[in-house]
Amino acid sequence: MIPRVHERGTRTIGLIYYLYGPGTHEEHIDPHLVAAWDPLAPDPGRDPEATYGDLQQLLDQPVDMLPEENRPTEHVWHLSVRAAPEDPILSDEQWGEIARRMVAATGIAPDGDSTGCRWAAVRHADDHIHIIATIVREDGRQARLRNDGRRSQAEARKIEADYGLRRLNTGDGTAAKRPTSAELHKAEREGRERPAREELRETVRRAVAGATSEEEFFERLADAGVLIRKRLAPSGDRLGYKVALPDDRNEEKEPVFYAGSTLSPDLSLPRIRKRFSGDSEPPGRDSGASSDQVASPTPSGPATARRRTAAAAWQAVLVIDDGDDAQAAAHIAAAGEILDALATTSAAHTRAELREAAFAFERATRSHVKTEHRHDRALRQAARDLVHSGPALGRGEDGATTAMAIDMLFFLVTAAAHWHAKKEHAQQAAAAREAAEHLRAAYQAAANVPMGVLYQRGRRLSQPLRLKQAAYLRAAVPELAERILAEPSWHALAATLADAESASHHPAALLAEAAGQRELDTAGSIGDVLVWRLRRMADLPADAAMMPEPGTTTAKGSERAVSPVQRRDDRPRKAR
């Protein structure tokens, strides 16, 4: 159940006309009262003798009785309460009881208080009601409505339990503002995939991902094609900004601008500046990367950027698991930048799921835990590398390192979900879990071809060589060996172990280190996870087609290259 306190209004009659009217798209059906402060309150929806004006005059009566100079200007309070799509249709009597509980919980009409505010609950659809109230009480005092939104949410959780409805997660006041009903209807009318507010939030987040200065941030916004309006002090210093989509217009055909702070609390200009201030400080001991890692120049291409992203993501997992709260919060916030940057620069077959992962994880990037941005430099540098290295191809080393990066990011997002759950950040934990599912789908799309290449490569190993790799596996991870040997990805792992041995690594020692870095229970395929960990740790090409076949040598004793015929299996295959 989702309650929402709307902005205060000045005209009671205007809101009544909306509640009893047909709606923007004729969606209002049979508007009528389900409850009110007075059981005899007029209902213009069901009583042909009652008028909108009758209801308005009665609601406004306590306000009108005050001296004009004491009347609050914005005296109209509005709360909508919506059931979840999977909830059963509630009766008028049930909605009426829910309305009475909401006005009591929020302070409009506390239980046992005969001098509370006047209110009325209107139902014009199966799944929600609207409560209209005037904030002057019968005794002439104004209602105490501080934290009315938070109190309505707390009461909604109790109502869900009492009525057997879907249990939603309790918020903590750090969520971005949801689109209004008007914004949702406008987006539907104009055929937009998302409301302008959400589209702009995504655009601004992508512009800030890895940026190191205000100038770069605003340049990226301009390149994205949005309209920008900067708020300047008399000195010329920037105080804030607003953005608009060029084709999003109001009734006067003017662009609809949104301030950064109204898109999301962390997108105000002062909050964005804090990210940049962290970039100028030397990295701390627990920042997740050495100074040469953080200050390194932009990589030469998308594949290098993705390998660095995988390395930074893995270090961030360890910090979230073992670091203090400020460090963990910083890494989780920066993980959002990584996801935004990866979604922007990845190939078409992974872009949609990565975009959904970034969209979902946005909610997980904020909580009341204070963030120390000096700890997030390695991840922010990785996001910058992704942006500046340009779009990646969906094949070859670009495609394979994309799978490697997504695999590591899955563990990073999962670690964030666990951290939030321990802190009882219900909404953030749920958002991170949702993002993980989108990353899982993106991984399947990205890993399809490179894992297929490794699978065929492993199948081509000689029998003695396969037995040798199996012995390494049993020696390194005896408790997991039989499970891994039964997975389809075992052949890819065997090929990777053979590649590592060809590159002068000790396979068993490397495998033991890879398996011991963190638990593997959350992995869909342990073999897949170990493949990418090993190839990253051993600095092997992610695309195995770039390497010679294990165990084959030329006449001079060097490993020979794979022929195009041997690579005939480098084609898409169904995910295993």
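Reader: What makes S7 and strand S8 a pair?

Author: Two strands pair if DSSP finds at least two bridges between them, and S7 and S8 (residues 258-259) have 2 bridges, in the antiparallel sense. Strands here are DSSP runs of E with at least two residues, helices are runs of H or I with at least four, and both are numbered from the N terminus. This is a predicted model, in which local features need pLDDT of at least 70, side-chain atom pairs count only at pLDDT 80 or more, and totals for chains, interfaces and linings use all residues. Residues are numbered from 1 along each chain as its sequence is written, and side-chain values use heavy atoms, leaving out hydrogens and water.

Reader: How do you know that S6 and S7 pair?

Author: DSSP finds 6 bridges between S6 (residues 227-232) and S7 (residues 238-244), and the two run antiparallel. Leu232 has Arg238 as its bridge partner.

Reader: Why are Phe410 and Phe411 called edge-to-face?

Author: Rings of Phe, Tyr and Trp (its six-membered ring) pair if their centres lie within 6.5 Å; planes under 30 degrees apart are stacked, over 60 edge-to-face, the rest tilted. The centres of Phe410 and Phe411 are 5.8 Å apart and their planes are at 90°, so the pair is edge-to-face.

Reader: What makes the charged end of Arg229 sit over the ring of Phe257?

Author: The rule asks for NZ of Lys or CZ of Arg within 6 Å of the ring centre and within 35 degrees of the ring normal. Arg229 qualifies over Phe257, 3.9 Å from the centre, and Lys230 qualifies over Phe218, at 4.5 Å.
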